[in-house]
Amino acid sequence: MAVVPIPSCWFLVLADRDPVVRPPGARRMLRYASGRPWIVGNWPDDAMVSAVAGRSRLALIGCAATNARQLLRLLLSARDVHALDLARAVAGDYHVIAEIDSHRRVQGSPTGTRRVFTARLGSHLVAADRADVLARLTGAPLNRTALALSLLDPSPPHPLDDLVLWESIDALPPDHYLLVGPDEKATVLRWWRRPAPVRSRTEGAPTLRAALAEAVAARVAGGGTVSCDLSGGLSSTSVCCLAARGPADVVALTGIAPDPGDDDAARAAATLPGVTREILPAAGLPLVYDGIADADEPLDRPFVGIGDRAKLRAGLDRVALYGPRVHLTGFGGDEVAYGCPAYLPRLLRRRPRRALHDLRGHRAQEGWPWMACLRMMRPRGYRDCLADMADALDQARRATVGHARRPAGSGRSHPGVLASLDWAFPPVVPGWLTPTALDLLAGAFAEAVRRARPLAETRDGHADLFAIRAGAAVFRLFDQLADPVGPPLAAPFLDERVVRAVLAVRPEERTGPWEYKPLLQEAMRRLVPQECLRRETKADTAAEEDQGLRTSQDVLVKLCDDSPLADLGLIESDALRQACRSSSVPGHRHQALRPTFAADAWLRVLASRRGPD
């Protein structure tokens, strides 16, 4: 099998048992009282804080607003590992790793920015923050079903979106922690639940403002230099304005897209005289797919953002001149603060006038037909939603078996149903998948229909958490993509306290058709320039996508010639090649190409790279 490359930043949590596991490439180590390795890996100097009291030990890896003395007090006050509910005591975004009375606790973040993966190595249970680290250690084979699911656009629904790409490696749900006893028996326990949405916008805005300010302060409190995205959007502008109030020197990075809406970045920068501004002009910005054939970054799963690697690197290379400790982003701002219309069915039963008022606004903006709206306002379970997707997938399989080839990148799976009011958006099934791939997808969806449970009891609750986890996954993989060139990325909007502050507000108070991110606007009033608060849309990047695809068309077509996805029997190269060549056809959904070429690039890295020993 392919040798899995070693990333530069990772950790493993090992068992306090013989024989001792010694993973290659580890340069840092914390030990058990026995002297055996407890945590091994590679991480920056400022990414770890730890405390030891006798045979008990506690470590936080990531961004934690605490120090060793405070952490020791928390460790001494804990009766056992179950009592270490650190999210209420320590702000930031970090892993929790603890050992008390021979019981180990390993925990990530509830949003999914920090993940925990597990695998068995003989009788030992090992945990890591990256699945590829465990794959290298255990020699696990690829999971073809998970790989086929990664080809759907933009992603499969929960829980199919979170299957690990290797067999015998498991991913903990973000809101659970791993408990391992002295007998190496493992249990997964839930530690985080979303708050009840009971606050008004007026009540919730100060809490959000304080939580976001605290999250940004956790990154800038150490002084030095930090860099920030300043796109002109409300999310990145909020983070940049808060960072400018701290002790660090701030470098604001703006990539000028050919969209006049991005003038908001200049307006925001004008109100921040102490901030250094770096501008990447539109003419100098790499396009989508630039350099994709040369991608060699080790990621622990395929990532559609690989198409934007050149643009990411261009920005990080520009700010690298200033030597920033961290680069702050607005990642998660849309997922956390924007919300979705799926709150309307439940609101209709509680406040029918308000629900119909908001529904009229959405209809006016989106052109939704009344009958479809009324259909989607009826009671409907999560498995009903998944069953519709499974039926559409079955139709695609029958069309393929009957040799009636679907158009490449064909549309959403159940047209006529308003996905915005449903539990989840149905993914696009690309037209270049093979019958083998469709069979794998059908089996996965059938199993999900039988067993899947939503992330919350209501449509909007599920949609909120799914969007937040999806945003966290994007950020996490962008951070992996940036890791070889640095600095590390940060997403304050995805900190636990920020997410909790937002979700505690009633959905109709934090979103709606009439205002853009109204809760965030209220929270950031007097801190963000008024012009940015009035912004009602995001910049449109469709033209850039089209141009990038046209420019890289020959490269993508050449990649079809020897795609490892074809070798695995998952895609038909001729159909994919034709989709690349027809990318400029009006109305063609070329975004469906992104997941396929992301998986192609990921497999090529596995096949060609060998990490350092």
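Colleague: About how many helical turns separate Glu447 and Arg450 in helix α13?

Modeller: Glu447 and Arg450 are separated by about one helical turn, because they sit three residues apart in α13. Before we go on, this is a predicted model, in which local features need pLDDT of at least 70 and side-chain atom pairs count only at pLDDT 80 or more, while totals for chains, interfaces and linings use all residues. Residues are numbered from 1 along each chain as its sequence is written, and side-chain values use heavy atoms, with hydrogens and water left out.

Colleague: OK, and what do Glu447 and Arg450 form with each other?

Modeller: Glu447 and Arg450 form a salt bridge whose closest N and O atoms are 2.5 Å apart; the term stands for a side-chain nitrogen of Lys or Arg within 4 Å of a carboxyl oxygen of Asp or Glu. An α-helix has 3.6 residues a turn, so residues three or four places apart point the same way.

Colleague: Is Arg450 buried or exposed?

Modeller: Arg450 counts as exposed at 52% relative accessibility, whereas Glu447 is partly exposed at 31%. Here buried means under 20% relative accessible area, exposed means over 50% and partly exposed is in between, with a 1.4 Å probe and protein chains only.

Colleague: Which residues of α13 are buried, then?

Modeller: The buried residues in α13 are Ala437, Leu438, Leu441, Ala442, Ala444, Phe445 and Ala448.

Colleague: And how far apart are the end C-alpha atoms of α13?

Modeller: They are 24 Å apart, which agrees with the 24 Å that the 17 residues of α13 (435–451) should span at 1.5 Å a residue. That expected span is 1.5 Å times one less than the number of residues, and the helices (H or I, at least four residues) and strands (E, at least two) are DSSP runs numbered from the N terminus.

Colleague: Back to charges: how many salt bridges does the structure hold?

Modeller: The structure holds 40 salt bridges. One of the charged groups is a network of salt bridges that links Asp394, Arg397, Arg398 and Asp439.

Colleague: Which residue does Asp495 form a salt bridge with?

Modeller: Asp495 forms one with Arg219, and the closest N and O atoms are 2.6 Å apart. Since Asp495 lies in the loop between β17 (489–490) and α15 while Arg219 lies in helix α4 (201–220), the pair ties together parts that are 276 residues apart in sequence. Asp495 is buried, with a relative accessible area of 2%, and Arg219 counts as buried at 6%.

Colleague: What about Asp93, which residue is its partner?

Modeller: Asp93 forms a salt bridge with Arg114, with the closest N and O atoms 3.1 Å apart. Asp93 lies in strand β6 and Arg114 in the loop between β7 (103–107) and β8 (117–121), so this pair ties together parts that are 21 residues apart in sequence. Asp93 counts as buried at 6% relative accessibility, but Arg114 is partly exposed at 24%.

Colleague: New topic: how many cavities of 30 Å³ or more are there?

Modeller: A search of the whole structure finds seven. A cavity is a set of points on a 1 Å grid over the protein atoms alone where a 1.4 Å probe fits but cannot get out, and lining residues have an atom within 4 Å of a point. Grid points are joined across faces, edges and corners, and a volume is the space filled by probe spheres set on the points.

Colleague: Which residues lie nearest the centre of the largest cavity?

Modeller: Of the 16 residues that line the largest cavity, Ala87, Gly92, Tyr94, Pro110 and Glu496 lie nearest its centre. The elements that give two or more residues to this lining are β6 (92–100) and α15 (496–503), and β6 gives the most, with three residues. The largest cavity holds about 120 Å³ of space.

Note on methods. 1 Å grid on protein atoms, 1.4 Å probe; cavity = no way out; pocket = protein on both sides within 12 Å on 5 of 7 lines; lining within 4 Å.
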